[in-house]
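Here is a short tour for anyone who likes to look at geometry before setting up a calculation. Have the viewer open and follow along.

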Amino acid sequence: MLNVVIFGAPGSGKGTQSAFIVEKYGLEHLSTGDLLRAEQKTQSDLGKLIESYTSQGNLVPDDLIISMLAKVLDTKMNKKGYIFDGFPRTTAQAEALKVMLAERDMKVSVMLDLNVTEEELITRLLNRGKTSGRSDDHFETIQKRIQVYHSQTAPVKDFYKKEGLATDIEGLGTMDEIFARITKAIDAL
Ligand code: AMP
């Protein structure tokens, strides 16, 4: 079983590379961002609550995210493994993921950290904003998301470093070049 945590700042290419990884390794893609956007679309009370965080570039509270992910893990069983995209985003989430997986006889195989300069992140997200229709892909919110990444999400890397699972991936270059670096890291496991 291969369980990959794909990590990096907003705009680092996690979603794009996840799609390639899913195709090559047959993993189940679990993107908390996609799950949250799906809930927002329904305009349920929960969706509206979620939107009050995401539209401001803030993280959705840990307990909500963790219970949402645990539910999805049990409904989307996949023997080959999972790719966790956009999760964990806090150290508490990383700890919860470890427990959640252990309870199901699983563990994280590798954490891939896509390294991209801040200038490139902003360029990519502004470009994406032209077509994504995402309320959080505009300049002020992008800046806020990057700030939140540095203060709350970057420490997650130390968690995986301690576990001996953190692997840096140069995130600049063509999509194929970046994917080649990823497959090299995965195939070396
Ligand atoms: P993403 O599509 O991964 O960029 O996520 C979009 C937004 O959803 C983020 O800016 C957060 O507001 C929220 N979000 C996604 N994943 C998480 C998570 N693991 N923890 C907290 N908030 C999250």
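## How two helices meet

A word on terms before the numbers: axes here are lines fitted to C-alpha atoms, for helices over the stretch in contact, and angles run from 0 to 180 degrees between N-to-C directions. The model you see is a predicted one. Two packed helices are described by the angle between their axes and the distance between the axes.

With that in hand, look at helix 2 and helix 4 (residues 62–75), which pack at an angle of about 100 degrees with their axes 11 Å apart. Angles of 65 to 115 degrees count as roughly perpendicular, so helix 2 and helix 4 are roughly perpendicular to each other. On the helix 2 side, the contact is made by Thr-32, Leu-35 and Leu-36, while helix 4 brings Ile-65, Met-68, Leu-69 and Val-72. Sorted by class, this contact has six nonpolar residues and one polar residue, with no charged ones.

## Around the ligand

A side-chain N or O atom of Arg-37 is 2.9 Å from an oxygen atom of the ligand, and one in the side chain of Arg-134 is 3.3 Å from a ligand oxygen. Val-60 takes part through its backbone, where an N or O atom lies 3.1 Å from a nitrogen atom of the ligand. The protein covers 95% of the 480 Å² of accessible area that the ligand has on its own.

## Backbone details to check

Most residues other than glycine have a negative phi, and most peptide bonds are trans. Two spots are worth a look with that in mind.

The peptide bond from Phe-87 to Pro-88 is cis, with omega near 0 degrees. Pro-88 sits in the loop between strand 3 (82–85) and helix 5 (91–102). Gln-43, a residue other than glycine, has a positive phi, near 60 degrees. You will find Gln-43 in the loop that lies between helix 2 and helix 3 (45–54).

How values were computed:
Residues numbered from 1 in each chain as written. Predicted model: local features only at pLDDT ≥ 70, side-chain atom pairs only at ≥ 80, totals over all residues. Heavy atoms only, no water. Polar contact = N/O pair within 3.5 Å; in protein donor to acceptor, adjacent residues only side chain to side chain. Areas by Shrake-Rupley, 256 points an atom, 1.4 Å probe, with all protein chains shown as cover. Helix = DSSP H or I, 4+ residues; strand = E, 2+ residues; numbered from the N terminus. Parallel < 35°, antiparallel > 145°, perpendicular 65-115°, else oblique. Contact = heavy atoms within 4.5 Å. Nonpolar A, V, L, I, M, F, W, Y, C, P; charged D, E, K, R; others polar.
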